[in-house]
Amino acid sequence: MNRIFSGVRPSGKIHLGNYLGALKKWVELQDDKQTESIIYAVVDYHGITTPFDPKEYKMQIMEAALDFLSVGVNPEKSLLIRQSHVPQHTELAWIFNTITPVSWLERLPNYKEKLASSPKYNHMGLLDYPVLMAADILLYKSNAVPVGEDQKPHIDITNEIAKKFNSMFGETFEPVKPIFTEAARIMSLQEPSKKMSKTGDDGIALTDDPDAIREKIKRAVTDSGSEIIYDSKNKPAISNLLMIYHVLSGKSLEDLTEQYQNKNYSQFKNDLAEIVVGYLEPIQKRRKEFSGDMDAVEKILTNSEKKAIDMASATLAGVKAKMGLL
Ligand code: AQP
């Protein structure tokens with residue numbers, strides 16, 4: 001049985017990459033017979049490892065929670081928490097810090113990339129991000145994590161930490177597996193060699209209005225040659241757009257290739273824009289409903305956090321007992 005944990009940093013507007021790589025799967029897993037428990041988190045302590053505005057941050061955290069609810073995270077099936085409201089996350093991370101070699105963290109690609117984009121943010125929190133992520137997952141004895149492909153090295157570190165803890169203090173944690181979707185790496189619409197990100201300016205946010213979506217897709221770069229075929233190596237830009245079209249429309253890549261055989265990029269992009277607009281419409285409608293009652297959203301979070309604290313406390317007590325801390 002799968003015990004699921006996953007999270008999103010409230011570092012900006014949640015975009016189609018986050019949705020297709022993770023959130024869409026989150027919703028599907030709620031109805032999977034193999035699912036035993038689910039915790040989805042706004043990982044606000046991870047969010048402060050890169051530049052953020054404290055005046056905006058509280059709102060960004062609630063915006064992320066709204067996005068979770070609007071895409072279909074159901075509080076009756078999943079716990080929906082703010083990481084910083086369950087203090088056991090950082091407590092377990094501290095314990096894991098004492099068994100994690102710094103060299104495991106320094107070589108991670110995400111650390112190097114984030115450091116390159118904000119060199120002044122070279123602090124312990126950025127380096128330590130994967131240790132906190134290991135704590136997030138293992139705190140609930142989770143064994144399955146739906147994430148985008150960029151998170152694979154962090155899942156590997158989680159397993160290394162779990163293995164090391166087990167060998168030092170006795171069997172405690174099970175191996176963790178990542179769950180990837182078909183669209184595990186949606187690329188930037190302007191630079192298809194980079195992944196779409198919240199901090200980039202070209203991501204399609206789940207909250208973008210129809211005109212903004214049409215404009216972003218119209219401006220998306222394309223590859224040389226006019227063929228509309230899926231070939232991620234030689235045609236990364238059009239393949240990325242085709243992948244988005246395929247997942248949101250349910251049409252196969254082969255059918256799409258056939259449909260656009262004698263059509264140009266502009267016809268293809270117009271149709272894709274309408275697919276995205278149509279797909280996001282009900283999500284945006286639900287978001288409006290939830291945002292009309294933020295007290296209810298707060299209640300969903302606090303109820304979930306109470307339950308999460310009970311689960312987390314049990315794991316932490318077991319960990320501490322094994323380490324001679326109780
Ligand atoms: N482009 C992407 N394609 C597929 N999946 C993606 N994810 C992120 N970008 C893509 C997945 O979304 C989940 C939440 O991501 P995150 O908030 O934990 O952190 P991130 O990977 O740092 O996300 P961003 O969007 O790139 O934000 P910024 O710009 O703030 O760094 C994860 O499961 C992630 O894999």
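Visitor: Why is Asp208 called buried?
Guide: This is a predicted model, and in it Asp208 has a relative accessibility of 10%. Buried means under 20%, so Asp208 counts as buried.

Visitor: What makes Asp208 and Lys216 a salt bridge?
Guide: Their closest N and O atoms are 2.6 Å apart, and the cut-off is 4 Å, so the pair qualifies. Lys216 is buried because its relative accessible area is 14%, under the 20% limit.

Visitor: Why does the pair Lys195 and Asp150 count as a salt bridge?
Guide: The N to O distance is 3.6 Å, and the definition asks for a separation within 4 Å. Lys195 lies in the loop between strand 5 and helix 9, and Asp150 in the loop between strand 4 and helix 8, so the pair ties together parts 45 residues apart in sequence.

Visitor: Why is Asp31 called exposed?
Guide: Exposed means over 50%, and Asp31 is at 55% relative accessibility, so the label applies. Its salt-bridge partner is Lys77, at 2.7 Å from N to O. Lys77, at 40%, counts as partly exposed.

Visitor: How many salt bridges does a search of the whole structure find?
Guide: The search finds 18. Bridges that share partners join Arg3, Glu36 and Glu174 into one network.

Methods:
Residues are numbered from 1 along each chain as its sequence is written. This is a predicted model: local features need pLDDT of at least 70, side-chain atom pairs count only at pLDDT 80 or more; totals for chains, interfaces and linings use all residues. Side-chain values use heavy atoms; hydrogens and water are left out. A salt bridge is a side-chain nitrogen of Lys or Arg within 4 Å of a carboxyl oxygen of Asp or Glu. Buried means under 20% relative accessible area, exposed over 50%, partly exposed in between (1.4 Å probe, protein chains only). Helices (H or I, at least four residues) and strands (E, at least two) are DSSP runs, numbered from the N terminus.
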